[in-house]
Amino acid sequence: LTNRALLVTFLAMTCSKVFFFFHITGAAYFWRYYMNNFEMLSIFNVAFSLAAIIGAALMPTILKIFKDTKRSYVFTMFVQAGLYAVSLLIVSPENTVGTIAILSAASFFNGISDGFILPLFGQATDYNVWKTGNKDYGLTMSTYSISIRAGNVASITIRTSLLAAAGFNSKALAGGAAVPAAVQSVLYNLNTLFPLILALVIALLVLFLNPINDKKAEQYRKEIKERDMQEAAS
């Protein structure tokens, strides 16, 4: 909590995993009860996951273009927000191919943004050492794995709570009951509106509250090295 860079990065990673797990753990609900096309679930899962893998592999290319980790990360989050806006405002909810395409495109940029997270955590760790002199690298870097688990738990909790509040009843639906409009609305928002909001929040959070960029991080590492050399000499 005293390391603003680490706190911002932790919150960014947690929030990004919240909407990522909306898609992954809630896909069966979305395609069965909203799209009414359960046969497309496997195709969506393959396209969505493959897009993220390809995006992660292309992360170095984005870094070369923007020449800064923080700037690159913010760019990819704004792009994801834009894609979710397209999904919300332009792509018809009944357009199966369009839905898979736009959500996979968002997953592609999510894969890119995930590639910048570890460097951001590393910079936050160096910032802590530079600021406090405490070399608790393991403690600060452990927040990376904690953020993934926190995002997963928060995502499932939010999805389950909203569906329950909307009147989701698996037994009734299995018995042939119609899907309530409120349940369909929740499923739609979990895959469009909520990811859009979270992506914007993440981009603005990192852009304005993360105090580190690559130039500053390099300076911190240089000063830490000089400090260590002085301590060793004395």
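**Stop 1: the largest cavity.** Begin by selecting Phe30, Tyr34, Ser87, Val91, Ser92, Pro93, Thr99, Leu103, Tyr188, Asn191 and Thr192, which line the largest cavity. The space inside the largest cavity is about 70 Å³. A cavity here is a set of points on a 1 Å grid over the protein atoms alone where a 1.4 Å probe fits but cannot get out, and lining residues have an atom within 4 Å of a point. Grid points are joined across faces, edges and corners, and a volume is the space filled by probe spheres set on the points. The model you are viewing is predicted: local features need pLDDT of at least 70, side-chain atom pairs count only at pLDDT 80 or more, and totals for chains, interfaces and linings use all residues. Residues are numbered from 1 along each chain as its sequence is written, and side-chain values use heavy atoms, with hydrogens and water left out.

Now color the lining by class: 6 residues are nonpolar, 5 are polar and none is charged. (Ala, Val, Leu, Ile, Met, Phe, Trp, Tyr, Cys and Pro count as nonpolar, Asp, Glu, Lys and Arg as charged, and the others, Gly among them, as polar.) Helix 1, helix 5 (96-132) and helix 8 each supply at least two residues of this lining. Helices are DSSP runs (H or I, at least four residues), numbered from the N terminus.

**Stop 2: helix 8 and helix 9.** Tyr188 and Asn191 from the cavity lining lead you on. Select residues 181-191 for helix 8 and 193-209 for helix 9; the two pack at an angle of about 35 degrees, with their axes 3 Å apart. (Axes are lines fitted to C-alpha atoms, for helices over the stretch in contact, and angles run from 0 to 180 degrees between N-to-C directions.) Tyr188, Asn189, Leu190 and Asn191 of helix 8 make the contact with Leu193, Phe194 and Pro195 of helix 9, where contact means heavy atoms within 4.5 Å.

**Stop 3: the largest pocket.** Next, pick Leu1, Thr2, Asn3, Leu6, Leu7, Phe10, Asn128, Asp136, Thr140 and Thr143, the lining of the largest pocket. About 180 Å³ of space lies there. A pocket is an open set of points with protein on both sides within 12 Å along at least five of seven lines. Which helix gives the most to this lining? Helix 1 does, with 3 residues.

**Stop 4: salt bridges.** Show the side chains of Lys17 and Asp114, which form a salt bridge at 2.9 Å, N to O. The term means a side-chain nitrogen of Lys or Arg within 4 Å of a carboxyl oxygen of Asp or Glu. Asp114 is in helix 5 and Lys17 in helix 1, so the bridge ties together parts 97 residues apart in sequence. Lys17 is buried at 9% relative accessible area, while Asp114 is partly exposed at 24%. (Buried means under 20% relative accessible area, exposed over 50%, partly exposed in between, with a 1.4 Å probe and protein chains only.)

Then move to Asp228 and Lys135, whose closest N and O atoms are 3.0 Å apart in another salt bridge. Asp228 sits in helix 10 (residues 214-233) and Lys135 in the loop between helix 5 and helix 6, 93 residues apart.

**Last stop: two loop residues.** Finish with Asn36, in the loop between helix 1 and helix 2 (41-57). Its phi is positive, near 55 degrees, and Asn36 is exposed at 62%. Lys67 also has a positive phi, about 60 degrees, and lies in the loop between helix 3 (59-66) and helix 4 (69-89).
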